[in-house]
Amino acid sequence: MRAGERAAPAAVVIGTCCHHRCTARAYPNHPFLHSHGFSPADFTALCKLSSSGVDPTSSSGRADAARRVKDLLDEARVEYLSANGFDALLHTYIDAAISPENVLIVASPTTMH
């Protein structure tokens, strides 16, 4: 490696949570959301809704919608990593009955395979 070059990470592991704290500026994949029919103005509403999906005992329609929003935001993150040189997958690491905040994004550079 030459001076000033950065090595690619061996792996990326992200425990997703706090979707309601996402900001439009920091979020990596607005085109994915747009391709699923969401406008830039919808992003804040999606993030706000996601906060209703953290109680594992709630089975309301709102909680279900919030969990689907979390899934959508995480799928967009995986797609972003995949489009940028990583093999990326979502993994659950604890039963959703214990906590719906149970998702990891696990990615490795495609060159490692």
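**H2 against H3.** I looked up how helices H2 and H3 are set against each other in this predicted model, and found that their axes come within 8 Å and cross at roughly 120°. Since angles of 65 to 115 degrees count as roughly perpendicular and those over 145 as roughly antiparallel, the pair is therefore to be noted as oblique. I also recorded the hand of the crossing of H2 and H3, which is left-handed.

**Residues in the contact.** Which residues of H2 and H3 make the contact? On the H2 side I listed Phe43, Leu46, Cys47, Leu49 and Ser50, and on the H3 side Arg62, Ala65, Ala66, Val69, Lys70, Leu72 and Leu73. Sorted by class, the contact of H2 with H3 comprises nine nonpolar residues, one polar residue and two charged residues.

**The two sides of H2.** I then went through H2, residues 42-50, for burial, and noted Phe43, Leu46, Cys47, Leu49 and Ser50 as its buried residues. These lie on the same side of H2, because the arc they cover around the axis is only 160°. An α-helix has 3.6 residues a turn, so residues three or four places apart point the same way. On the face of H2 turned away from the buried side I found the exposed residues Thr44 and Lys48. When I asked what covers the buried residues of H2, the list included helix H1 (30-35) as well as helix H3 (61-83).

**Leu104.** Next I turned to Leu104, which lies in strand S3, residues 103-109.

**The chain as a whole.** Finally I stepped back to the protein chain, in which I counted three helices and three strands, arranged along the sequence in the pattern β-α-α-α-β-β. The C-alpha trace spans about 55 × 35 × 20 Å along its principal axes, and 31% of the 113 residues count as buried. For contacts in the protein chain with a separation of 6 or more, I noted that 55% come from residues 24 or more positions apart.

Note on methods. Residues are numbered from 1 along each chain as its sequence is written. This is a predicted model: local features need pLDDT of at least 70, side-chain atom pairs count only at pLDDT 80 or more; totals for chains, interfaces and linings use all residues. Side-chain values use heavy atoms; hydrogens and water are left out. Buried means under 20% relative accessible area, exposed over 50%, partly exposed in between (1.4 Å probe, protein chains only). Helices (H or I, at least four residues) and strands (E, at least two) are DSSP runs, numbered from the N terminus. The arc is that of the directions from the helix axis to the C-beta atoms. Contact means heavy atoms within 4.5 Å. Axes are lines fitted to C-alpha atoms, for helices over the stretch in contact, and angles run from 0 to 180 degrees between N-to-C directions. Angles under 35 degrees count as roughly parallel, over 145 as roughly antiparallel, 65 to 115 as roughly perpendicular and the rest as oblique. A crossing is left-handed if the near helix is turned anticlockwise from the far one by less than a right angle, and right-handed if clockwise. Ala, Val, Leu, Ile, Met, Phe, Trp, Tyr, Cys and Pro count as nonpolar, Asp, Glu, Lys and Arg as charged, and the others, Gly among them, as polar.
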